[in-house]
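Please open the structure in a viewer and keep the selection tool at hand. The tour moves from one selection to the next and says what is found at each stop.

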Amino acid sequence: MAVPHLLTRFTPFVLKNPGRGRAERGGPADRGHPAYGRLGAMADGSWYDADIDHVIISEAQIREKTAELAKQISADYAHVEDGLLLVCVLKGAVMFMADFARALGRQGPPAELEFMAVSSYGQGTTSSGVVRILKDLDRDIAGRHVVVVEDIVDSGLTLSWLLRYLESRSAASVEVVALFRKPDAVKVQVPVKYVGFDIPTEFVVGYGLDFGERYRELPYVGVLKPEVYARA
Ligand SMILES: O=P(O)(O)OC[C@H]1O[C@H](OP(=O)(O)OP(=O)(O)O)[C@H](O)[C@@H]1O
Ligand SMILES: Nc1nc2[nH]cnc2c(=O)[nH]1
């Protein structure tokens with residue numbers, strides 16, 4: 001989980017469960033709050049909207065771009081006989097992996113799905129570049145054409161480490177598809193062949209991206225209101 005510098009460098013405890021404090025104060029995390037319907041949540045799932053300052057990329061834009069990226073990658077790998085190996089970096093990329101794999105599935109080539117979990121932020125709030133593997137690949141990737149499916153490239157440190165790691169395992173080729181990239185935040189240049197959107201250097205949530213493990217399920221990507229951090 002990544003969080004903005006100021007927020008946690010001095011108050012690391014807020015990361016554990018920002019929702020809890022809100023519930024105690026009767027905020028929207030409180031299931032007795034009027035914002036929740038009789039079933040315990042608003043039917044249209046829009047309770048999070050109250051926490052979002054502005055949307056950066058809409059659900060429709062994500063859908064359209066994902067189809068575009070899948071079409072491009074499908075064409076580039078049409079010749080690959082043993083199919084593609086998609087490697088998703090948990091947890092943030094899980095939404096994009098699911099949608100991207102399905103979009104690719106409409107056109108081919110066949111793909112196998114692999115998942116890795118790495119810890120890149122440690123106790124701090126910015127990527128240190130020191131990456132620890134929490135869950136490794138389940139199979140040998142030697143000789144395979146690998147596409148890393150990433151949600152976001154921020155400093156680039158996580159990806160830079162991951163690419164070195166995958167290449168050391170003798171893949172036939174390794175490319176990256178990243179839905180979001182922050183060009184002005186990059187600390188280390190990484191070759192990202194397929195990029196969905198370049199976005200400003202702001203901390204964003206939604207579509208897999210969290211703040212304190214919340215907001216991953218938002219269908220769009222946006223920026224939180226300052227008061228969300230204040231009350232966390
Ligand atoms: O370019 P970087 O600065 O290295 O940041 C990018 C990484 O940060 C996020 O993961 P995070 O470590 O927040 O974990 P999560 O996906 O489990 O939330 C994201 O999913 C990328 O993997
Ligand atoms: N949630 C979230 N995680 C990140 N990891 C790297 N950058 C970001 C970001 O902007 N938001």
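The stops below begin with a helix and end with charged side chains.

**Before starting**

This is a predicted model, in which local features need pLDDT of at least 70 and side-chain atom pairs count only at pLDDT 80 or more, while totals for chains, interfaces and linings use all residues. Residues are numbered from 1 along each chain as its sequence is written, chains are lettered from A and ligands numbered from 1 in the order in which they are written, and side-chain values use heavy atoms, with hydrogens and water left out.

**Stop 1: helix α3**

Select residues 59-76, which make up helix α3. Helices (H or I, at least four residues) and strands (E, at least two) are DSSP runs, numbered from the N terminus. Helix α3 has 18 residues and reaches 26 Å from its first C-alpha to its last, close to the 26 Å expected at 1.5 Å a residue; the expected span is 1.5 Å times one less than the number of residues.

Which residues of α3 are buried? They are Ile 62, Lys 65, Thr 66, Leu 69, Ala 70, Ile 73 and Ser 74. Buried means under 20% relative accessible area, exposed over 50%, and partly exposed in between (1.4 Å probe, protein chains only). An α-helix has 3.6 residues a turn, so residues three or four places apart point the same way.

Now display the elements that cover these buried residues, including β1 (52-57), β2 (84-90), α4 (94-105), β6 (173-181), β7 (194-198) and β8 (221-224).

**Stop 2: Val 176**

Move to Val 176 in strand β6. Val 176 is buried, with a relative accessible area of 1%. The C-alpha atoms of Val 176 and Ile 73 are separated by 10 Å, although the two residues are 103 residues apart along the chain. Leaving aside neighbours within four places in sequence, Val 176 is in contact (heavy atoms within 4.5 Å) with Val 148, Leu 159, Leu 163, Pro 191, Val 192, Lys 193 and Tyr 194.

**Stop 3: Arg 214 and Asp 51**

Next, select Arg 214 in the loop between β7 and β8. Arg 214 is buried yet has no salt bridge; a salt bridge is a side-chain nitrogen of Lys or Arg within 4 Å of a carboxyl oxygen of Asp or Glu. The nearest side chain of opposite charge, Asp 51, is 5.7 Å away. Here Lys and Arg count as positive and Asp and Glu as negative, while His and the chain ends are not counted.

What does the side chain of Arg 214 make a polar contact with? The partner is the side chain of Tyr 48, at 3.3 Å. A polar contact is a pair of N or O atoms within 3.5 Å; within protein, one must be able to donate a hydrogen and the other to accept it, and residues adjacent in sequence count only if both atoms are side-chain atoms.

Asp 51 lies in the loop between α2 and β1 and is buried, with a relative accessible area of 1%. The side chain of Asp 51 makes a polar contact with the side chain of Arg 231 (2.5 Å).

**Stop 4: aromatic rings**

Rings of Phe, Tyr and Trp (its six-membered ring) pair if their centres lie within 6.5 Å; planes under 30 degrees apart count as stacked, over 60 as edge-to-face and the rest as tilted. The count comes to 6 aromatic pairs. Show Tyr 48 and Tyr 215: the ring centres are 4.8 Å apart and the planes stand at 50 degrees, so the pair is tilted. Tyr 48 lies in the loop between α2 (18-24) and β1 and Tyr 215 in the loop between β7 and β8, so the pair ties together parts that are 167 residues apart in sequence. Both tyrosines are buried.

Phe 211 and Tyr 229 form an edge-to-face pair, 4.9 Å centre to centre with 85 degrees between the planes. Phe 211 and Tyr 229 are both buried.

**Stop 5: salt bridges**

The model has 14 salt bridges. Select Glu 213 and Lys 91, whose closest N and O atoms are 3.1 Å apart. Glu 213 lies in the loop between β7 and β8 and Lys 91 in the loop between β2 and α4, so this pair ties together parts that are 122 residues apart in sequence.

Finally, select Glu 112 and Arg 144, which meet in a salt bridge (2.9 Å, N to O). Glu 112 is partly exposed at 27% relative accessibility, whereas Arg 144 is buried at 12%. Salt bridges that share partners join Asp 82, Glu 112, Glu 114, Arg 139 and Arg 144 into one network.
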